[in-house]
Amino acid sequence: MNDALPVSTPPISERDRRFMALAQAAAEQARAAGEVPVGAVLVRGDDVIATGFNHPIGAHDPSAHAEMVALRAAAQAVENYRLPGCELYVTLEPCLMCAGAIMHARIARVVFGARDPKTGACGSVVDAFANPQLNHHTSVTGGVLETECGAALKSFFAERRRASREARAAARADISTSNTPDSAEPL
């Protein structure tokens with residue numbers, strides 16, 4: 001990890017808490033659909049322009065990340081693919097794909113909750129926003145409601161692992177019962 005991250009972690013404002021709470025509500029929609037619980041809210045000033053939640057599995061779309069869904073909805077709402085002056089709140093640090101779309105849309109600021117040590121593109125793995133050669137620079141604030149956002153993801157994956165273990169145990173039980181002779185069968 002890079003020690004000189006441009007991701008700022010100033011005191012969290014009530015405004016940032018409010019919009020991150022809306023992103024958390026969107027993440028719960030993803031969880032309810034069986035998707036990884038990540039939510040995003042795109043705002044301009046104090047107005048919510050769009051929300052989005054992860055649903056790449058259900059949509060059969062690898063780009064259906066919460067950020068991408070919110071960016072698409074916002075672009076449709078304002079009838080412009082550029083979204084200058086907007087801020088994107090997302091419960092998980094954006095990946096490289098989402099970071100590229102965020103820059104292309106000219107988002108002024110990204111605020112994320114939990115850090116993503118596997119695919120995070122705001123400093124955890126790479127820092128797409130720190131490249132001075134790019135023509136647009138988005139400011140990034142990380143760690144807003146980080147504990148709560150991270151807990152939602154951890155509980156989702158813990159539940160998924162538990163369900164997988166139970167399914168494997170049930171399959172083993174089915175196999176072992178099908179291999180034992182039925183005592184009711186005639187000899």
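Hi everyone, let's start with glutamate 67, which lies in helix α3. Before we go on, this is a predicted model, in which local features need pLDDT of at least 70, side-chain atom pairs count only at pLDDT 80 or more, and totals for chains, interfaces and linings use all residues. Residues are numbered from 1 along each chain as its sequence is written, and side-chain values use heavy atoms, with hydrogens and water left out.

A quick word on names: helices (H or I, at least four residues) and strands (E, at least two) are DSSP runs, numbered from the N terminus.

The "active site" annotation in its unreviewed UniProt entry covers Glu67. UniProt positions are given in the numbering used here, feature names are shortened, and annotations may be inferred rather than shown by experiment. Is glutamate 67 buried or exposed? With 4% relative accessibility, glutamate 67 counts as buried. Here buried means under 20% relative accessible area, exposed means over 50%, and partly exposed is in between (1.4 Å probe, protein chains only). Setting aside residues up to four places away in sequence, glutamate 67 touches Ala40, Leu88, Val90, Leu92, Glu93, Pro94, Cys95 and Cys98. A contact here means heavy atoms within 4.5 Å.

Two of those names take us to the next annotation.

Let's visit two of them. Histidine 65 sits in the loop between α2 (56-59) and α3 (66-78). Histidine 65 is partly exposed, at a relative accessible area of 22%. Not counting residues up to four places away in sequence, histidine 65 touches Asn54, Cys95, Met97 and Cys98. Cysteine 98, on the other hand, is in helix α4 (residues 96-104), and cysteine 98 is buried, with a relative accessible area of 0%. Beyond residues up to four places away in sequence, cysteine 98 touches His65, Glu67 and Met68.

Now for that pocket. How much space lies in the largest pocket? The largest pocket holds about 520 Å³ of space. The method uses a 1 Å grid over the protein atoms alone: a cavity is a set of points where a 1.4 Å probe fits but cannot get out, while a pocket is an open set with protein on both sides within 12 Å along at least five of seven lines, and lining residues have an atom within 4 Å of a point. Grid points are joined across faces, edges and corners, and a volume is the space filled by probe spheres set on the points.

There are 26 residues lining the largest pocket, and the closest to its centre are Val36, Val38, Leu92, Asp116 and Leu153. The elements giving two or more residues to this lining are α2, α3 and α5 (146-178). The largest share, seven residues, comes from α5. By type, the lining residues divide into 13 nonpolar, five polar and eight charged. In this count, Ala, Val, Leu, Ile, Met, Phe, Trp, Tyr, Cys and Pro are nonpolar, Asp, Glu, Lys and Arg are charged, and the others, Gly among them, are polar.

Next, the inside. The largest nonpolar core has 41 residues, and those with the most contacts inside it are Met20, Leu42, Leu71, Leu83, Ile107 and Phe129. Such a core is a set of buried Ala, Val, Leu, Ile, Met, Phe, Trp, Tyr and Cys residues joined through side-chain atoms within 4.5 Å. At least two residues of this core come from each of α1 (14-32), β1 (39-44), α3, β3 (86-92), α4, β4 (109-114) and α5. Helix α4 has Cys98, Ala99, Ala101, Ile102 and Met103 as its buried residues, and the buried residues of α4 pack against α3, β3 and β4.

Finally, some backbone details to look for. Histidine 60 has a positive phi of about 55 degrees although it is not a glycine; histidine 60 lies in the loop between α2 and α3 and, at 73% relative accessibility, counts as exposed. Just after α4, arginine 106 takes a positive phi of about 65 degrees.
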